[in-house]
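Q: Hi! Could you walk me through this one? I'd like to start with how helices cross.

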Amino acid sequence: MIRRFLAEGNSRRLLLLAVLVFGISTLEIRFIQPANLRNVLLQMSMDGIVACGLTVVILCGGLDLSVGAVTALSGVLFVIGLPLGIGFAGLLALLAGAGVGLLNGVLIGKIKLNSLIVTLGTMAAVQGAAFWLSRGHPIPGPGGDFEMLGGGFFLYIPLPILFFGLVILAGHTLLQHSQFGRDLYAIGGNREAARLADIAVESRECWAYVLCAVLAAFSGMILASRLNTGSPIVGRDTPLQAIAAVVLGGTSLSGGQGGILSTVIGMAMIGVLSNGLNLLNVSPAYQWAIKGSVLIVVAGLDSARRHSTQRTAHTTQP
Amino acid sequence: MQVRRRFPWWHARELKFLASVTAILAVLLIYWTTPTFFTSGNVINLLRQVAINGIIASGMTIVMIGGGFDLSVGAILALSGVLSIQLAKTNVWFGMLCPLALGAGAGLMNGILVSRYAINPLIVTLGSRYLVYASANLFTAGFIQYNENPAFLVLGRNSLAGVPAPVIVFLSVALISQLMLNHTTIGAALFAVGSNERAAFFSGLPSRNLLALSYAATGTCAALAGVVLASRLGVAAPDAGEGYELDAIAAVVIGGTSIRGGAGSIRQTLAGVLLLGVLSNLLVLAGQSYEVQRIATGLIIVLAVAFDLYRRRLPQ
């Protein structure tokens with residue numbers, strides 16, 4: 001039974017996460033206090049929402065580097081649009097995200113350009129647009145109601161955590177229990193086979209990018225509200241952080257394997273590690289070194305596992 | 001034939017002609033609108049500005065022809081910059097050469113992880129990016145390093161017969177890479193590995209070693225760019241290098257080197273580097289701001305890949 005438990009990628013990672021939490025708690029008891037655990041969740045919820053969106057794109061075999069730029073653009077738009085009313089400003093930010101996602105989706109899904117290059121291009125363009133709209137300055141928000149989205153509570157739960165939870169729930173349901181989700185897995189597993197099975201590959205891919213960008217825009221709104229600022233320079237490191245979380249969770253970059261729950265576990269590993277190392281007074285340089293090593297080691301273990309299972313199936317593997 | 005019917009006038013040859021005409025028109029337009037562009041001072045300046053990206057992009061071309069990818073070049077640039085300034089305090093040659101060895105070592109580590117352990121290059125170089133930034137910060141304790149040895153600045157600030165030293169370094173790197181790729185067995189083998197690794201392996205090529213070497217070459221180029229940049233500026237920060245990896249990838253891709261490997265050349269990358277450089281130079285001369293440059297760069301990248309795909313779908 002233990003072997004069967006360990007054969008499941010997610011449970012292996014949950015075990016690793018549990019070891020991590022246990023280890024850090026024994027070293028520093030403050031880690032396990034409820035207030036701190038809530039902090040951990042709060043800190044990971046914004047990048048987590050982005051990582052959930054990115055998972056959808058990676059599942060169908062793509063990649064989106066423009067998510068960080070979209071968070072910056074939507075944050076700036078959210079603050080700029082405020083004179084028109086807070087609801088309208090939010091809608092504007094989300095629509096801008098959807099627009100960028102649609103552009104990515106059309107270029108990648110329909111015209112079949114390489115996802116890495118297209119989103120590299122849109123990343124530069126969207127960053128430029130965010131700078132242009134904000135004239136290169138962070139724009140201070142008005143405070144008050146504006147700060148509710150990032151700083152508010154619902155039944156003692158901070159709203160960002162609640163949104164993160166809702167995104168996880170909705171994303172998991174969408175991927176595991178809907179036609180759209182099954183199609184995405186099929187496309188990521190084998191694009192040609194999916195096309196022959198009469199799946200609308202182009203439009204499915206296109207919608208995956210739209211979904212990813214809208215979630216990034218939503219995360220940007222929460223961030224702007226938490227900081228009470230629309231800043232064009234946020235999100236520089238977001239795509240790489242989010243990719244790291246997705247990969248740590250065990251979603252394969254070649255598509256077709258993984259899921260939202262895996263990504264949440266990956267995100268939690270990063271969150272627990274960052275917070276724990278902060279509590280333990282580890283300097284940022286060592287934190288980067290640890291994160292980089294963990295990423296490489298986990299990916300290496302995955303690769304070794306994949307190869308050993310393949311080798312039993314095909315003895316000709318080089 | 002079907003494809004030809006869909007694109008009646010657009011034969012590959014006519015496309016080439018069209019591209020030449022567009023280029024000539026663009027030059028005339030530039031001459032008419034911004035005459036300062038063609039002054040020798042500006043051209044020298046332009047070359048000096050593209051030198052750093054050019055050195056990195058030459059290395060990136062090698063790794064991408066082998067089917068790989070490297071996100072750690074910006075971090076290697078930062079590490080080699082601070083290291084060179086620190087070491088140049090004792091000996092200039094030491095300061096210029098040691099970082100190169102370190103860059104080659106970091107690249108080799110990437111290469112071994114990618115080729116031996118079959119980990120996705122994106123993940124490996126993302127992880128090593130963190131590791132290298134960490135070592136740069138540990139080495140300097142997070143402080144910016146200032147140069148104390150005037151002899152170290154020769155590489156970045158002097159010129160030979162009117163050509164700035166960084167440009168000479170850039171052109172030499174490009175020439176050596178071009179010779180290596182197109183006129184040696186190693187280069188030919190790398191193209192084979194890039195287009196089909198399994199086929200290359202079964203043909204008896206040492207595909208893993210070749211891949212590892214290509215990453216080492218990229219790391220060395222990035223380290224050289226770091227030394228040149230530090231020597232030009234006289235200071236180096238442990239957190240510099242942000243964005244250099246993407247600029248280099250942009251230049252390589254705009255040139256037309258395939259992201260799937262097995263195709264491309266240094267010549268094309270030079271065109272990409274120059275195109276990006278000319279674009280940003282023109283926009284600065286026209287008084288446009290940084291944000292307009294970013295938007296234009298992004299659009300050019302997307303247009304370039306779209307055009308490349310369109311060209312490849314044409315009948316030859």
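A: Happy to. A crossing is called left-handed if the near helix is turned anticlockwise from the far one by less than a right angle, and right-handed if it is turned clockwise. Keep in mind that this is a predicted model.

Q: Thanks! So is the crossing of α3(A) and α8(A) left-handed or right-handed?
A: α3(A) passes α8(A) in a left-handed crossing.

Q: Which residues make that contact?
A: From α3(A), they include A:Leu41, A:Ser45 and A:Ile49. Among those from α8(A) are A:Phe163, A:Phe164 and A:Gly171. By class, the contact has eleven nonpolar, three polar and no charged residues.

Q: And at what angle do the two helices pack?
A: At about 35 degrees, with the axes of α3(A) and α8(A) 8 Å apart.

Q: Switching topic: how many residues of chain A are in contact with chain B?
A: 40 residues of chain A, and they meet 37 residues of chain B.

Q: Which element gives the largest share on the chain A side?
A: That is α14(A), with 15 residues. α6 and α12 of chain A also give two or more residues each.

Q: What's the make-up of that side by class?
A: The side of chain A that touches chain B has 28 nonpolar, eleven polar and one charged residues.

Q: One more: is B:Ser231 buried or exposed?
A: B:Ser231 is buried, because it has 28 C-beta neighbours inside 10 Å, and 20 or more are needed to count as buried. B:Ser231 lies in helix α11 of chain B.

Q: What does B:Ser231 touch, sequence neighbours aside?
A: Leaving out residues up to four places away in sequence, B:Ser231 touches B:Phe152, B:Leu153, B:Leu155 and B:Gly156.

Definitions and conventions:
Residues numbered from 1 in each chain as written. Chains lettered and ligands numbered in written order. Predicted model: local features only at pLDDT ≥ 70, side-chain atom pairs only at ≥ 80, totals over all residues. Axes fitted to C-alpha atoms, helices over the stretch in contact; angles between N-to-C directions. Helix = DSSP H or I, 4+ residues; strand = E, 2+ residues; numbered from the N terminus. Contact = placed C-beta atoms within 7 Å. Nonpolar A, V, L, I, M, F, W, Y, C, P; charged D, E, K, R; others polar. Buried ≥ 20, exposed ≤ 12 C-beta atoms within 10 Å, placed from the backbone.
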